[in-house]
Amino acid sequence: MTALQALRKYHGSLAGKTVFVPAGLSGTGLFACQLAKNVFHAGKVITTVSTAKIPKLKELLGENTVDQIIDYTKSEPRDVIEYGSVDFLFDTVGLAMQYLCLMRPGSSRIISVATLPSGNQLQDSSLMDLPHRPAIPIPFRLGLNMLDQVRKLRARRYGVEYSYMFLASTGKDLDELRRYVEEGRLRTVVGTVVEFRDIESVRNACDVVYSGKGGLGKLVIRVDKSENLS
Ligand SMILES: NC(=O)c1ccc[n+]([C@@H]2O[C@H](COP(=O)([O-])OP(=O)(O)OC[C@H]3O[C@@H](n4cnc5c(N)ncnc54)[C@H](OP(=O)(O)O)[C@@H]3O)[C@@H](O)[C@H]2O)c1
């Protein structure tokens with residue numbers, strides 16, 4: 001749903017355009033690559049993964065989903081992707097500012113889910129939607145707003161529109177995604193399944209997610225119906 005909502009933010013049609021999704025086998029990246037090609041009809045989808053994942057990409061996402069695969073542990077994407085050629089960047093790794101030179105001046109857009117939100121976005125996000133209505137301390141909020149403005153201004157200098165985005169969960173989008181799955185346009189990748197009762201495995205699997213390295217697709221924690229969670 002995060003990937004779907006991000007791709008929708010491109011102004012106009014992505015048909016035939018070039019979309020760059022770093023980490024194409026990450027939890028969000030794997031959907032972004034497929035949605036970009038199979039739903040938004042992007043002309044070229046570029047992604048980056050580490051060496052061991054290169055052979056898995058086509059096998060897991062389909063033969064024609066990704067057009068250019070870069071091993072980011074061996075090549076710097078800025079040395080491989082043509083400058084000014086990317087129309088849309090879905091930033092899953094927090095490197096939006098490093099990739100500005102790759103963006104097409106004047107019309108391109110970056111949506112990041114991995115840099116930092118503005119203070120206002122964070123305050124309004126579902127993360128803060130708690131019964132005690134927490135408020136972000138003003139200096140922290142202003143600091144985040146300022147950093148966000150700096151990123152926007154840096155992007156504007158390249159003729160690029162940059163924004164951070166929070167997922168806004170909706171049943172309608174979930175239904176749309178279900179339809180894409182049923183039509184064979186979208187598949188998931190589950191890299192790890194652990195049993196909830198095996199707490200050591202749950203901890204190890206969560207450590208991989210938190211480290212931001214080595215994970216493959218989604219992690220599933222299976223909770224047995226008969227388990228007493230109280
Ligand atoms: N704002 C929101 O609403 C929202 C929603 C969902 C997720 N997020 C955030 O978005 C980020 C991505 O989430 P995710 O679930 O897609 O991540 P994930 O499944 O945990 O995957 C992260 C993957 O990124 C790869 N990676 C790390 N550094 C990289 C680099 N420099 N270039 C290319 N690949 C790199 C790693 O693969 P290798 O093993 O190949 O190194 C790792 O497996 C996280 O920071 C998450 O918190 C935000």
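How many residue pairs are in polar contact across the interface of domain 1 and domain 2? The rule finds three, both residues of each pair being at pLDDT 80 or more; a polar contact here is a pair of N or O atoms within 3.5 Å, and within protein one must be able to donate a hydrogen and the other to accept it, while residues adjacent in sequence count only if both atoms are side-chain atoms. Keep in mind that this is a predicted model, where local features need pLDDT of at least 70, side-chain atom pairs count only at pLDDT 80 or more, and totals for chains, interfaces and linings use all residues. Numbering runs from 1 along each chain as its sequence is written, and side-chain values use heavy atoms, with hydrogens and water left out.

**The two domains**
- The domain assignment, which is automatic or from a database, gives domain 1 (2-181) and domain 2 (189-222).
- Their C-alpha centres lie 23 Å apart.

**Where they meet**
- On the domain 1 side, 10 residues are in contact with seven residues of domain 2, contact meaning heavy atoms within 4.5 Å.
- About 630 Å² is buried between the two domains, and carbon and sulfur atoms give 65% of that; buried area is the accessible area (1.4 Å probe) that two parts lose on being put together, summed over both.
- The helices α2 (29-39) and α3 (54-61) each supply at least two residues of the side of domain 1 that touches domain 2; helices are DSSP runs (H or I, at least four residues), numbered from the N terminus.

**Around the ligand**
- There are 22 residues around the ligand (a heavy atom within 4 Å), and Thr 28, Ser 50, Lys 53, Tyr 72 and Gly 214 come nearest.
- Ser 50 has a polar side-chain atom 2.5 Å from a ligand oxygen atom.
- For Gly 214, a backbone N or O atom lies 2.6 Å from an oxygen atom of the ligand.
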